[in-house]
Amino acid sequence: MICPHCEKSLLRKERPGNVCGFCRRAYALDPKTNDLRLSDLRVRRVMGTLTNEGQLPCTPGQLWYALSRKSLRESRIQLGCGCLPAYFGGALAFVGLITQLSLVAAAGGLWLLTALGIVIAMQLGVGRGRPKVTRSAFRSGPLAEWRRVYGSLPPGLVDDDRLPDGQAAPAAGSATLICPDLSVAVCLDAAGLPARHGLTLLTDPRRLTGYGPVIVLHDASAQGLLLVRRLRVALPGRTVVDAGLPLRRLRERESAVPFRDAGPGEADMAELAASGEFTPAELKWLAKGWTYPLVGVPPARLLAVVDRVAERVATAADPQRRRAASLGFLTWPAPPVPPMPSAPPRGA
């Protein structure tokens, strides 16, 4: 691995106890000793991407997902698991055939079948989507080690243990943003988005009061999809805007990486099926516990989408802003974009 301090390439024997053998400085993460194969340089690189080089907030939940994406795509069964059974089975089968000992040959065949089963399971993706490191284990493991070595979280990372104080009940007619994922809610709050749009940010729908419009952020999961339906039933006549992740669109996108958790209950699945909004394939997928999580949306994309939805909701709820928008005061034409310079001729 590369030392994050002096950038020397280190062999395993040259970095005992997570200390560089050249500059003698400690580092936090060794890819050989953690399940996500993390290094300090990789964490910094991913943080730079998530925060747009420090311009946006990012939370541990969002960092956890970004660092787990690769492992979520992989099967938990590796090809190496089948090497020993294949080697042992092949040897027994060969000896059995040479010596004409049927029991030995049969035992070899069983070992070969085991190896074949492992290969098939790997191809089918058995265990895929199961995080190698859970969110809580990420906090108590890699992040805790980072704090121990460097004295603080990675630069730009906003702790998501709780929302800051001041999340009071909303004014009677103001809009409310409900985001059950605390990590995402902290990111929105750190970016100042609720304050900018006059929104009250809640993680618990049971704290909802007033009569203003409600914007709901949610995972593309059984519970997330049910949240909007249940709020609309509980709040008749009140505007409830679904700003959550679109299940169908994400399932068609190869770059979207879901993870798998405990499956929903039979009552929840029956409610989803009764809605008539989901195909049998989607219902089967949800019943297995698959979900596209909100923390999987990069902060830049998350903030841009929520900002746009909040602006539309505020405009629709305010007669003066609605009239101004219709007159064009909020939709000034953008300045003309200068033409792109032509490519220089070859050889210039």
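Biologist: Hi! At what angle do α1 and helix α2 pack, and how far apart are their axes?

Modeller: Hello! This is a predicted model, and in it α1 and helix α2 (residues 60-73) pack at an angle of about 115 degrees, with their axes 10 Å apart. The crossing of the two is right-handed.

Biologist: Which residues make the contact?

Modeller: From α1 there are Arg42, Val43, Val46, Met47 and Leu50. On the α2 side you'll find Gln62, Leu63, Ala66 and Leu67.

Biologist: And how does that contact split by class?

Modeller: The contact of α1 with α2 has 7 nonpolar residues, 1 polar and 1 charged.

Biologist: Nice. Let's step back a bit: how many helices and strands does the protein have?

Modeller: The protein has 13 helices and 6 strands. Its chain has 348 residues, and 40% of them count as buried.

Biologist: Okay, now the core. Which residues have the most contacts inside the largest nonpolar core?

Modeller: Those are Leu63, Phe138 and Leu272, in a core of 62 residues. Helix α12 (residues 299-317) gives the most to this core, with 6 residues. Apart from it lies another core, of 10 residues, which includes Ile178, Leu202, Leu227 and Leu231.

Biologist: Then what does Leu272 touch?

Modeller: Leaving out residues up to four places away in sequence, Leu272 touches Ala222, Leu225, Leu226, Phe278, Leu283 and Leu286. Two of those partners turn up again where α10 meets α11: Met269, Leu272 and Ala273 in α10 meet Leu283, Leu286 and Ala287 in α11. By class, that contact has 6 nonpolar residues, with no polar and no charged ones.

Biologist: How are α10 and α11 arranged, then?

Modeller: Helix α10 (residues 266-275) packs on helix α11 (residues 280-287) at an angle of about 160 degrees, and their axes are 11 Å apart. That makes α10 roughly antiparallel to α11. Here too the crossing is right-handed.

Biologist: Switching topic to prolines. Where is Pro293, and is it buried or exposed?

Modeller: Pro293 is in the loop between β6 (290-291) and α12. With a relative accessible area of 5%, Pro293 is buried.

Biologist: What is it touching in there?

Modeller: Not counting residues up to four places away in sequence, Pro293 touches Tyr65, Asp219, Leu245, Val257 and Phe259. Ser221 is 72 residues from Pro293 in sequence, and the two are 7.7 Å apart in space, C-alpha to C-alpha.

Biologist: Now some arginines. Is Arg15 buried or exposed?

Modeller: Arg15 is buried, with a relative accessible area of 3%. You'll find Arg15 in the segment before α1.

Biologist: Which residues is it in contact with?

Modeller: Setting aside neighbours within four places in sequence, Arg15 is in contact with Met1, Leu10, Tyr27, Asp30 and Lys32. Tyr27 is 12 residues from Arg15 along the chain, and their C-alpha atoms are separated by 9.5 Å.

Biologist: What is the phi of Arg24 in that segment?

Modeller: Phi of Arg24 is near 65 degrees, a positive value in a residue other than glycine. Most residues other than glycine have a negative phi. Arg24 is also in the segment before α1 (40-50), and is exposed, with a relative accessible area of 63%.

Biologist: And what about Arg37?

Modeller: Arg37 has a positive phi as well, of about 55 degrees, and is not a glycine. Arg37 is in the segment before α1 and is partly exposed, at a relative accessible area of 49%.

Biologist: Last one: where is Arg162, and what does it touch?

Modeller: Arg162 is in the loop between α5 (135-150) and β1 (176-178). Beyond residues up to four places away in sequence, Arg162 touches Leu182 and Val186. Arg162 counts as partly exposed, at 48% relative accessibility. Ser183 is 21 residues from Arg162 in sequence and 8.2 Å away in space, C-alpha to C-alpha.

Technical notes: Residues numbered from 1 in each chain as written. Predicted model: local features only at pLDDT ≥ 70, side-chain atom pairs only at ≥ 80, totals over all residues. Heavy atoms only, no water. Axes fitted to C-alpha atoms, helices over the stretch in contact; angles between N-to-C directions. Helix = DSSP H or I, 4+ residues; strand = E, 2+ residues; numbered from the N terminus. Parallel < 35°, antiparallel > 145°, perpendicular 65-115°, else oblique. Left-handed = near helix turned anticlockwise from the far one by under 90°. Contact = heavy atoms within 4.5 Å. Nonpolar A, V, L, I, M, F, W, Y, C, P; charged D, E, K, R; others polar. Core = buried A, V, L, I, M, F, W, Y, C linked by side-chain atoms within 4.5 Å. Buried < 20%, exposed > 50% of the residue type's maximum accessible area, 1.4 Å probe, protein only.
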